[in-house]
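User: I'm new to this one, so please pick a single part and look at it closely for me. I'd like to hear about a pocket and what surrounds it.

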Amino acid sequence: MIEIKKYNTNKKWPKILFIWAIHWNEKCWTRAINKIINSIEKKQIELLSWEITFIAIANPDAYKNNVRYIDINLNRVIKEKKEAKLYEEKLANEITKVIKENEIIVDLHSSHTDDEEFIFLDYQDEKNKFLAESCWIKNIITGWPKLYKDTWDSDTWKFSHENWKISITVECWNHFKNESNIVAENVIKNILNSYWVIKENKAYTSKDKKIVNVEKYIKKKSEWNLKENFQHLQKIKKWQIIAEYKNWEKIIAKNDSYIILPFFDANIWDEWFYIWS
């Protein structure tokens, strides 16, 4: 069901995989990668070594119908399932097969808010750090393995780690901003350049690093509203009301903290926002 594009040279190791559009609205990567693929095919970008694989739109039906998912959030079921029944479970079986065929996995997303691009660095060994730093993005978020250790959820970084792969997740900024297309293209070129896959000057650099460790996540359990138009990494004061149910029950900040990835259009039981104290 998924479309796979592969480009290689005589030197095929290690192998790098780019995955994007796990959710329908993450289209900045489609525009950026299509531009890079076009340049590769026209030989405007010369491949020096390696094998590069692109999973071109990881959730095609959701992408086509402008919905976050068909049956279930694909970003929480990336694991092998012998009896896959749901649409996203079948996609996950295809994606996991391709992940196991590669060494470096880059999962590409965009966010709901109008903020700077950032990276999820889930495992902080030297190889994963090098991959994260090769993007030249200053904002790095950590803490996800601990946050999800007691759940059955599995995304690309978790499956990749379990199969001894190097992996990160990159968020290229707002889904619909033109600037996101530029960020997306620069990140891909920076990664390929850092690993000597292509020979180009780095697209852009960010020397300063801002590392945030996420500590808690809130799922949307019923119909309720965020109290304001929160931005990613916005500061929240102690006792501030973050959200309110229709029955007047409230979610209140217990400490001075920051809100991470507020998702205003979350469905019931989707992750709604995260907290960093």
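Analyst: **The largest pocket and its surroundings**

Let's start with the lining of the largest pocket: its residues divide into 9 nonpolar, 3 polar and 5 charged. Here Ala, Val, Leu, Ile, Met, Phe, Trp, Tyr, Cys and Pro count as nonpolar, Asp, Glu, Lys and Arg as charged, and the others, Gly among them, as polar.

Before going on, note that this is a predicted model, where local features need pLDDT of at least 70 and side-chain atom pairs count only at pLDDT 80 or more, while totals for chains, interfaces and linings use all residues. Residues are numbered from 1 along each chain as its sequence is written, and side-chain values use heavy atoms, with hydrogens and water left out.

The space in the largest pocket comes to about 300 Å³. Lining it are 17 residues, and the closest to its centre are Lys216, Ile218, Ile252, Lys254 and Ile275. As for the terms, everything is done on a 1 Å grid over the protein atoms alone: a pocket is an open set of points with protein on both sides within 12 Å along at least five of seven lines, a cavity is a set where a 1.4 Å probe fits but cannot get out, and lining residues have an atom within 4 Å of a point. Points are joined across faces, edges and corners, and a volume is the space filled by probe spheres set on them.

E9 gives the most, with 3 residues. Strands (E, at least two residues) and helices (H or I, at least four) are DSSP runs, numbered from the N terminus.

Now for the sheets those strands belong to. E9 and E15 sit in an open sheet of 4 strands, ordered E9-E15-E14-E11 with antiparallel pairing. E9 and strand E11 (234-236) are the edge strands, each pairing on one side only. From one strand to the next, the twist averages 35°; axes are lines fitted to C-alpha atoms, for helices over the stretch in contact, and angles run from 0 to 180 degrees between N-to-C directions. Between E9 and E15 there are 4 bridges, in the antiparallel sense, and Tyr217 has Tyr274 in E15 as its bridge partner. (Two strands pair if DSSP finds at least two bridges between them.)

E12 and E13 belong to an open sheet of 3 strands, in the order E10-E12-E13 and again with antiparallel pairing. Strand E10 (224-226) and strand E13 (250-252) are at the edges with a single partner strand each, so one side of each is left without a neighbour in the sheet. The twist averages 15° from one strand to the next here. Strand E12 (residues 241-245) is joined to E13 by 3 bridges in the antiparallel sense, with Ala243 opposite Ile251.
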